[in-house]
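Okay, thanks for coming, everyone. Let me put the model up, and then I'll walk you through a few spots.

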Amino acid sequence: MEEPLVSVVIPAFNRAHTLRRAIESVRMQDVSSWELLVVDDGSTDGGVDIPESFGDERIRLIRHAVNRGAAAARNTGVAAARGCYIAFLDSDDEWLPGKLRAQIDALESGPDAPQALCTGFLLHREETGRRTKRWPKPEGTWFETLLDGCYVSPGSTLMVRRDCFAAVGPLDETLPRLEDWDWLLRCMERFAFDCLPVLGAVVHVGRPARSAPVAVAIDRLDAQHADRVLRVAGPEGLRRFRASLAIEQAVAAVHEDAHAMALSHIGRAFSWSPTRTARFLARCAVRAF
């Protein structure tokens, strides 16, 4: 087969009920030069039969014998990719029409074009049915902006030049959560990033993250990125980053009704950065109303 322009990677684990929707949203794009790598991460729900049911030679199924996690599944897809660009889509999300064309045009817009690019997205909270348009914008540099958290939803909006992965390295398979945030911070230190002001995906939010894997990821992110953040963003940036890590733990605790623990994490976040924590609490108040 002729080498595709874009390699789309969908990691899937027991998502038979949503995988067909995700694949169909790729096939509906107005760009035909793509391959779709569905990496089944040890599913047991019959979803492995879905990719081949489309009868589309551009769709390839790769299987893990056992469940290895989202980072490993994405890395398997990246390793098998043949396209100039790599795009990610979570198996429970879907792309909106025109997403691939808008990103390709931006990535090929000239010598000052970014090497990694996300889009806006429609956030669908399945528990309430509420849908919110999200338009990520930088406050300062994009690296500084991501010190507040990974709010660009790269699992379903990121497109990146394949050679960036060779330079940055794979996703960290030891992280049970937040592996996309980790990778983007590493990428942004070396490559230009941007976020298009177009709605590129519908991100369906269901069950929240559990506290235990979040705590493991937070400890590792702090150990891995403290020197990098200090070097790029200075002492204030490091305080902002550590406040954001504490806020991630607070959010996970709230979803488990561990409110005393959540308050403890918020207090720790405030000690690192009152400004960052106040912004977070202000957003929470707005969403509550």
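Let's start inside: helix H6 (154-157) and helix H8 (179-188) each give at least two residues to the lining of the largest cavity. Helices here are DSSP runs of H or I, at least four residues, strands are E runs of at least two, and both are numbered from the N terminus. Before I go on, this is a predicted model, where local features need pLDDT of at least 70, side-chain atom pairs need 80 or more, and totals for chains, interfaces and linings use all residues. Residues count from 1 along each chain as its sequence is written, and side-chain values use heavy atoms, with hydrogens and water left out.

The largest one holds about 70 Å³, the volume being the space filled by probe spheres set on points joined across faces, edges and corners. Its lining includes Arg74, Phe88, Pro154, Asp180 and Trp183.

Now, salt bridges: a side-chain nitrogen of Lys or Arg within 4 Å of a carboxyl oxygen of Asp or Glu. How many turn up in the whole structure? The search finds 22. One pairs Arg21 with Glu94, at 3.7 Å, N to O. Arg21 sits in helix H1 (residues 16-27) and Glu94 in strand E5 (residues 94-95), 73 residues apart, so distant parts of the chain get linked.

Last stop: helix H9 (residues 211-255) packs on helix H10 (residues 259-272) at about 170°, axes 8 Å apart. That makes the two roughly antiparallel, the label for angles over 145 degrees. Axes are lines fitted to C-alpha atoms over the stretch in contact, with angles running from 0 to 180 degrees between N-to-C directions.

Note on methods: Angles under 35 degrees count as roughly parallel, over 145 as roughly antiparallel, 65 to 115 as roughly perpendicular and the rest as oblique. On a 1 Å grid over the protein atoms alone, a cavity is a set of points where a 1.4 Å probe fits but cannot get out, and a pocket is an open set with protein on both sides within 12 Å along at least five of seven lines; lining residues have an atom within 4 Å of a point.
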